[in-house]
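These are my notes from a first look through a structure that is new to me. I set down what I looked up, in the order in which I looked.

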Amino acid sequence: MTDDGEFVRLTDPYRAELLVHCYRMLGSLDEAEDLVQEVYLRAWRSFDRFEGRASLRTWLHRIATNVCLTGLGARGRRPLPSGLGAPGSDPDLPPGPARPEIGWLQPLPGGWADAAHGGDPAAVVASRAGVRLALIAALQHLPARQRAVLILRDVLGWRAAEVAETLGTSTVAVKSMLQRAREQLERLAPQEDAVAEPGDPDVRALLDRYAAAFENADAAALAELLTRDATLEMPPYAAWFAGRGHVARFAAAHIFSGPGDMRLFPVSANGQPAFAAYRRDPDGVHRAHCVQVLAVSAGGVAGITAFLDPDLFPRFGLPSVPPFPVPAAAPVPSGSAAVCTR
């Protein structure tokens with residue numbers, strides 16, 4: 001019979017990294033948490049039969065991978081708007097209705113990734129490439145087993161034989177799936193050396209200017225920070241925009257409504273700089289609004305993915321009202337809406 005106390009003591013240290021592993025597979029915080037519970041239930045039921053031929057960490061990841069593969073078989077991929085169609089051509093028009101019925105990709109709070117590596121700064125930095133939003137979005141385009149192979153081989157560094165045993169297949173099949181997965185990712189994911197590190201002083205200065213542009217509702221200032229081919233995505237809206245001019249025009253027409261309307265609080269997500277944005281409601285109170293995950297390159301802000309879901313804020317350890325003083329401001333007129341409203 002399994003000793004519950006011993007089981008918890010030995011397996012609990014791996015919970016955080018199993019959550020991140022399931023997130024990579026699923027693209028969903030909610031589903032990752034649910035499936036990790038299933039992983040621990042299965043592990044507890046079979047713990048008496050664990051023989052130690054592989055490490056406990058490897059054994060748990062094998063269970064998690066197969067639980068995720070079962071879960072993926074019951075649903076479709078979780079996209080970002082750019083994975084559904086071409087960018088919008090007229091940023092002056094509203095983006096159309098929100099599409100909450102689509103199971104959108106969700107961002108990974110920085111705290112999840114930090115916990116997965118025990119808070120070790122060197123390990124956290126080394127792991128960023130494995131959780132970049134562009135990579136997680138690209139993984140969604142892969143068949144489930146190819147996705148598992150690529151994560152186990154290229155992110156976790158498993159040997160082909162270990163992956164084959166986990167998936168119940170041959171090393172030849174693993175190598176073939178890995179080659180196809182890498183070719184697909186090469187077409188979809190950006191080159192790693194194009195991504196600027198969030199701790200770089202120049203990047204921090206850029207982010208300060210970005211926050212100021214939003215808080216001052218200054219579309220021209222925002223445009224100065226964007227790369228020529230910058231993108232803007234806003235799930236649950238399916239519309240998205242590409243190009244500095246289109247992004248800035250959309251912001252001016254549908255996001256910015258006045259200085260002080262938005263307050264940004266710096267966070268991290270998917271190993272990238274991010275902001276939790278609080279929008280001022282008609283009663284003058286700023287409330288949780290969206291989480292913006294930024295792709296920053298040497299040339300500026302190359303991508304903005306604004307997840308318009310206030311329910312994400314507790315995941316980032318943030319309250320529904322700003323955790324900082326907000327200057328008093330007149331209430332927003334009831335008609336001054338922007339696209340980024342609930």
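This is a predicted model: local features need pLDDT of at least 70, side-chain atom pairs count only at pLDDT 80 or more; totals for chains, interfaces and linings use all residues.

I noted the crossing of α8 and α9 as right-handed.

Entry on the whole chain. I stepped back to the protein chain and noted 13 helices and six strands. Of its 342 residues, 50% count as buried, and the chain exposes about 15,300 Å², of which carbon and sulfur atoms supply 54%. I also looked at contacts between residues at least 6 apart in sequence, and 68% of these join residues at least 24 apart.

Entry on the sheet. I traced an open sheet of six strands, in the order β2-β1-β6-β5-β4-β3 and with mixed pairing. The edges are held by β2 (240–242) and β3 (262–269), and each has a single partner strand, so one side of each is left without a neighbour in the sheet. From one strand to the next, I found that the twist averages 20°.

Entry on β1 and β2. I followed β1 through residues 226–233 and saw that this strand pairs with β2 in the antiparallel sense over three bridges. Glu233 stands opposite Trp240 in β2. In the loop between β1 and β2 I came to Pro236, and I noted that the peptide bond from Pro235 to Pro236 is cis, with omega near 20°.

Entry on the helices against the sheet. I looked up α11 (residues 201–215), which lies across β3, β4 (272–280), β5 (286–297) and β6 (300–307), and which runs at about 145° to β3. Helix α13 (residues 244–255) also packs on the sheet, where I found it touching β1, β2, β3 and β4, and its direction makes about 45° with that of β1.

Entry on positive phi values. I looked up Ala217, which has a positive phi of about 55° although it is not a glycine, and I placed this residue in the loop between α11 and α12 (219–225). With a relative accessible area of 23%, Ala217 is partly exposed. I then turned to Asn270, in the loop between β3 and β4, where phi is near 55°, again a positive value in a residue other than glycine. Asn270 counts as buried, at 1% relative accessibility.

How values were computed
Residues are numbered from 1 along each chain as its sequence is written. Side-chain values use heavy atoms; hydrogens and water are left out. Helices (H or I, at least four residues) and strands (E, at least two) are DSSP runs, numbered from the N terminus. Buried means under 20% relative accessible area, exposed over 50%, partly exposed in between (1.4 Å probe, protein chains only). Contact means heavy atoms within 4.5 Å. Accessible areas come from the Shrake-Rupley method with a 1.4 Å probe; for residues, only the protein chains shown count as cover. Two strands pair if DSSP finds at least two bridges between them. Axes are lines fitted to C-alpha atoms, for helices over the stretch in contact, and angles run from 0 to 180 degrees between N-to-C directions. A crossing is left-handed if the near helix is turned anticlockwise from the far one by less than a right angle, and right-handed if clockwise.
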